[in-house]
Amino acid sequence: MKKNISDCSTFCALPWIHLSTRPNGHMRVCCTANASSVGATNDKVHGGEVGILKNDDGKPANFNHTSLSEAWNNSYMRNIRKDMLNDRIPPSCVKCFKEESSGHRSKRQWETEFWNNRIDIQGLVNETKEDGSIPQKVYYIDLRLGTKCNLKCAMCSPHDSSLWVDDWNKLHPQIENETLKESMQWDNKGQVDGATYNWHINNEKFWDELYLQIPHIKQLYFAGGEATIIEHHYLLLEKCIEMGHADKIQLRYNSNGVELPDRLFRLWKEFKSVRFHYSIDSIEEMNDYIRHPSKWSHMKEMFHKLDNTEENVEVTIACAVQMFNMYYLPDFIKWKWEMNFKKINIWPLGAGMINYHFVYHPPHLNVKVFPASFKRKIRAKYEEFYQWLEETIAVSGGDSYTKEEFLSAPYGIKRLKGMVDFMDSEDWSRRLPEFREYVQLLDKIRGTSFEEVFPEMAEIMREDYV
């Protein structure tokens, strides 16, 4: 195996420092690894559970029955490390390399750069044994403490949001398209291979092991369900403070921001820093449709609340790019720019615009599903938008950045062009009937209207549209 990471073309820092959870307690390589098997069909490449750590019996490693120490160096994780040190792309990591081939900056790239500036990654790799095992030092962990949530976003499901359960019970029996029905499955209400959504409750072994890692931890990452309404999230923060390590730990969130209690802000003051990724996907009624049943008037209030947080809090907009908002992202960016926020996505965060990640599941909402004619319409809108960016944001940097720096920023125009190229990189339009049926059923259940909220996209709902 190679040991110099600069010589490893497929290297990612995460398998040496990190584990991620699903809300049901399954462990995975990172929060996007299981998207590597999502494609134009439901063929379930590499078994469909790629990215989920497997025990030697082939079943998912789950915190209900597998310890953190057992998972850290199980055969699945050891093989991933060996693959990366031998210039092989692990099946769990295909997603990142597909994004990179389209010019989109992947999680592998930005996470490795981020951690390489904070930890001696090369030193950790040097400790890797021939079998791929490494000392157990968890520097970064992604915790999904169940599915308790206060929204039921259009791209979500009961796998991640408790509020989705009622809608799923109404929607799934009505689905006629078999491929859509399979994509929207919720087998045994999520209780598969020992999984449960309350895996973190009364699980003393997990918490004892995690507390032992607190002296090593540099980042705690919380995502959905919704951490700001989950009590165990608060208890963990209080434990870090009690143990005297909070001032060395960065907190990171992907949060819908609907509820931001004073208790949260009091605890944040004790930590080294906070990176709050505010999950907003569009503006006005479009965001309310996507992040149902949020209200735009309230979300704007939360923008201003976050814009006035303590100095140790960094706020970005985390936009989930999908069928519902790809066409409207230029409008979202213009709105954000006109708001003139003090700290939300200020340069260089998202090049002063917003941050993005692609929706892979449900697959019928992936931007590759757009028919070719509408993809051309999107590309034309973005091409026109680049001119606005050059004439507006690019020349407004003051002492923060020059026009040349903005135009070459990896998260600026380059990122937008990469997103459009990613959209065009594969044709998933065979899933368009799934998208139409899903939207029609969702509107029927929720009393919403896709055509009214997204009028420029109404044409793709016609069965004769190609």
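Helices and strands are DSSP runs, numbered from the N terminus. The model toured here is predicted.

**Stop 1: Gln136.** Select Gln136, which is found in the loop between α6 (121-126) and β3 (140-143). Exposed residues have over 50% relative accessible area and buried ones under 20%; at 27% relative accessibility, Gln136 therefore counts as partly exposed. Next, display its surroundings. Leaving aside neighbours within four places in sequence, Gln136 is in contact with Leu68, Ser69, Trp72 and Gln213.

**Stop 2: the loop between α8 and α9.** Select Asn188, located in the loop between α8 (178-183) and α9 (204-213). Asn188 is exposed, with a relative accessible area of 55%. A distance drawn from the C-alpha atom of Asn188 to that of Ile445, 257 residues apart along the chain, reads 23 Å. Then move to Asn202, which is placed in the loop between α8 and α9. Its phi is near 55°, a positive value in a residue other than glycine. Most residues other than glycine have a negative phi. Asn202 is exposed, its relative accessible area being 76%.

**Stop 3: α9 against α10.** Show α9 together with helix α10 (residues 231-242): the two axes come within 11 Å and cross at roughly 35°. The crossing is right-handed. To see the contact itself, select Trp207, Leu210 and Tyr211 in α9, which meet His232, Leu236 and Lys239 in α10. By class, the residues of this contact divide into four nonpolar, one polar and one charged.

Stop 4: Select Glu284 in helix α12. Here too phi is positive, near 55°, in a residue other than glycine. Glu284 is partly exposed, with a relative accessible area of 42%. Continue to Pro293, in the loop between α12 (284-290) and α13 (296-306). The peptide bond from His292 to Pro293 is cis, with omega near 0°. Most peptide bonds are trans.

**Stop 5: Pro348 and the second largest pocket.** Select Pro348, in the loop between α14 (329-339) and β8 (355-358). Now turn to the second largest pocket, whose volume is about 200 Å³. Which of its 14 lining residues are the closest to its centre? They are Lys336, Trp337, Phe341, Ile346 and Trp347. Colouring the lining by class gives seven nonpolar, six polar and one charged residues.

Key. Residues numbered from 1 in each chain as written. Predicted model: local features only at pLDDT ≥ 70, side-chain atom pairs only at ≥ 80, totals over all residues. Heavy atoms only, no water. Helix = DSSP H or I, 4+ residues; strand = E, 2+ residues; numbered from the N terminus. Buried < 20%, exposed > 50% of the residue type's maximum accessible area, 1.4 Å probe, protein only. Axes fitted to C-alpha atoms, helices over the stretch in contact; angles between N-to-C directions. Left-handed = near helix turned anticlockwise from the far one by under 90°. Contact = heavy atoms within 4.5 Å. Nonpolar A, V, L, I, M, F, W, Y, C, P; charged D, E, K, R; others polar. 1 Å grid on protein atoms, 1.4 Å probe; cavity = no way out; pocket = protein on both sides within 12 Å on 5 of 7 lines; lining within 4 Å. Points joined across faces, edges and corners; volume = space filled by probe spheres on them.
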